[in-house]
Amino acid sequence: MGHFRSFLDGIGFFFQGLRWVARYPRWWLFGLIPALIAFALYATGLYFLGTNALDIAAWGTPFADGWGEAARTALRALVGLALFGAGVVLSVVTFTAITLILGDPFYEKLSEKVEETYGEVPTGYELPLWKSIPRSVRDSLVTLGWLLLFTIPLFFLGFVPVIGQTVVPVLGALVSGFFLTIELTTLALERRGLARKRRFGLLRGNKAPALGFGVLLFLLFLIPFVAVIAMPAAVAGAAIMVRTRLAPPVLPAGRTDGSPRVDRGA
């Protein structure tokens, strides 16, 4: 029951972020800019994948050239559909990382403003832009590598009857949701001096709220254009979750210890 309550708490952090951007609409509009750019890039990529999926499927299944027309067409339609579905899922799980990289200065500022409404903003770990962007790219690639380690086997399990239509989608949403939370909480946790390994460890120790927050976003991001609208609220919600649930207390000199902190400001 405690885990279920924590899962619901994770969902609640997104709605807290939604309330925050509703209270400060100027910052919601500010956060839309990089999300719109990323959405345009992904929409273009998915359009070309969708229009060429059958040709790619034909190129990848030369062994079916000698089959009957009905069997060959059915196989390639299935492969093309699977390719497009994989492209959609990959777009959902990488959209956040790419948007955060493109909009690093935007979301860093947005995350700071959220924390300002809760009190003192942690300081002492700021990096110049020319260092922070390469590190964000590197961390996102590592996160993507871990994500693919889980999602590639799930993709192939999706072709297994019954399991592929029941268990696999649920596992896929859980895995993708957890890694979405990792990406979104990076800004606020880096502000507290937590490197990638410590961030992963912290979220593994708080799986239920991390999953509640991330799974809801994963499902929302499956809806076209919702990812763009919801992105500023997701960044705000992640900052609130770090501040009130995940982060250790901020000590003088900007250092942190390992104990959890509850901040009830604003």
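Visitor: Is Phe-150 buried, partly exposed or exposed?

Guide: The model before us is predicted. In it Phe-150 has a relative accessible area of 39%. The residue is therefore partly exposed, since that class lies between the 20% and 50% limits.

Visitor: How is a pair of aromatic rings described?

Guide: Two quantities describe such a pair: the distance of the centres and the angle of the planes. In this structure the count comes to 11 aromatic pairs. One of them joins Phe-14 and Phe-15, with 5.5 Å centre to centre and 70° between the planes, an edge-to-face arrangement.

Visitor: Which class of accessibility does Phe-14 fall into, and which does Phe-15?

Guide: Phe-14 has a relative accessibility of 4% and counts as buried. Phe-15, at 38%, counts as partly exposed.

Visitor: What kind of pair do Phe-150 and Phe-179 form?

Guide: Phe-150 and Phe-179 form a tilted pair, with 6.2 Å centre to centre and 45° between the planes.

Visitor: Which parts of the chain does the pair of Phe-150 and Phe-179 tie together?

Guide: Phe-150 belongs to helix 5, residues 129–157, and Phe-179 to helix 6, residues 167–190. The pair therefore ties together parts that are 29 residues apart in sequence. As for accessibility, Phe-179 is buried at 8%, whereas Phe-150 is partly exposed.

Visitor: Which residues do ring pairs link into a cluster?

Guide: Trp-27, Phe-30 and Phe-106 are linked in this way.

Visitor: Where does Leu-90 lie, and how accessible is Leu-90?

Guide: Leu-90 lies in helix 3. Its relative accessible area is 40%, so Leu-90 is partly exposed.

Visitor: What is the average pLDDT of the chain?

Guide: pLDDT expresses the predictor's confidence in each residue. The chain averages 83, and 88% of the residues score at least 70. Over residues 249–266, however, the pLDDT is below 50.

Visitor: How many contacts does the stretch 249–266 have in the model, beyond near neighbours in sequence?

Guide: That stretch has 37 such contacts in the model.

How values were computed
Residues are numbered from 1 along each chain as its sequence is written. This is a predicted model: local features need pLDDT of at least 70, side-chain atom pairs count only at pLDDT 80 or more; totals for chains, interfaces and linings use all residues. Side-chain values use heavy atoms; hydrogens and water are left out. Rings of Phe, Tyr and Trp (its six-membered ring) pair if their centres lie within 6.5 Å; planes under 30 degrees apart count as stacked, over 60 as edge-to-face and the rest as tilted. Buried means under 20% relative accessible area, exposed over 50%, partly exposed in between (1.4 Å probe, protein chains only). Helices (H or I, at least four residues) and strands (E, at least two) are DSSP runs, numbered from the N terminus. pLDDT is the predictor's confidence in each residue, from 0 to 100. Contact means heavy atoms within 4.5 Å.
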